[in-house]
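Trainee: Could we go through this one together, a piece at a time?
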Amino acid sequence: MTNARVALATCSQLPDLDKDDVPLIAALAERGVTAEPAVWDDPAVDWQAYDLVLVRSTWDYSPRHDEFLAWARSLPKVANSADVIEWNTDKRYLRELEAAGVPVIPTIWLDPERHLSKRAVHTRMPAFGDFVVKPVVSAGAQNTGRYQPVSAQSRGKAIAHAMRLLDDGRWAMIQPYVTSVDTTGETCLVFVDGELTHAVRKNALLTGPAEESGELYAREEMAAFEATPDQVEVARRALDVARAATGADLTYARVDLVSGDDGVPMVIELELTEPSLWMKYGTGVEGRLADAVVKLLG
């Protein structure tokens, strides 16, 4: 693979990549591949000059979703594929997982084309238990808030949040807040070229209403974790649905799970576009990802 060039796509706020991805450059160099960061919306980048674009920290795409999809479609070769990116950047893929029998968090979907009134939105929100409102297109917990139904003030903020999304022409989703997140967090399973490499346990992120922080993503705390057989089985089933839906293999994937009241793992998100892989919590993950890239280039 001598002289092969790979662009590691990132965003303008992280022009030199997220620090978790930096070791990948050396791992690819050891395999004769030159890799370098490139900002996805930089008009000066000649994407045709690369043999492959590997999507990494493009975490500012959600306000310009259509532009991001057009960019992915324009690339000569991209991983994960443009079909995967289009399918995965709209959280309505959760409906396909549910239809296939994969455990997911129960979700109420709000369609902007229905022009729902505030009262109609109000009636769709849970009467008991904290709940979450978020758009179907988002990254890094942006525009995502947690609300309490028994508080009129909190419920009013939830309605206002949902209405802002709908008025902007964006689908919104309402989910019960899974309380196990407060005690055990989320379990995130990382796969490279279809094989589980490692897992991490992530802390709870949502403490209140959605706020515009100006940050790319909510700050996370995580630690290495050994996934249970049940978690691995649910994650693999979810990835099988993704492959069937898109007709594409997955160079990298992250499946985020939470535990329901019955202890059954449920998919909270399937991260196939630009996930943090937290490679430092696994063994030799950057090398395995570099091998997967070489395989693609082959």
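Mentor: Helices (H or I, at least four residues) and strands (E, at least two) are DSSP runs, numbered from the N terminus. This is a predicted model, where local features need pLDDT of at least 70, side-chain atom pairs count only at pLDDT 80 or more, and totals for chains, interfaces and linings use all residues. Residues are numbered from 1 along each chain as its sequence is written, and side-chain values use heavy atoms, with hydrogens and water left out.

Trainee: Where is Thr 246 found?
Mentor: Thr 246 belongs to helix α8, residues 229-246.

Trainee: And is Thr 246 buried or exposed?
Mentor: Thr 246 is buried, with a relative accessible area of 12%, where buried means under 20%, exposed over 50% and partly exposed in between, using a 1.4 Å probe and protein chains only.

Trainee: Which residues is Thr 246 in contact with, leaving aside neighbours within four places in sequence?
Mentor: With those left aside, Thr 246 is in contact (heavy atoms within 4.5 Å) with Asp 83, Val 84 and Trp 87.

Trainee: Switching to β9, why is strand β9 largely enclosed?
Mentor: Seven of the seven residues of strand β9 (residues 186-192) are buried, so the strand is largely enclosed by the rest of the structure.

Trainee: Which strands are joined to β9 by bridges?
Mentor: Two strands pair if DSSP finds at least two bridges between them; β9 runs antiparallel to β10 (residues 195-202), with seven bridges, and antiparallel to β12 (residues 252-259), with six bridges.

Trainee: What is the bridge partner of Val 192 in β10?
Mentor: Val 192 is partnered with Glu 195, while Thr 187 stands opposite Leu 257 in β12.
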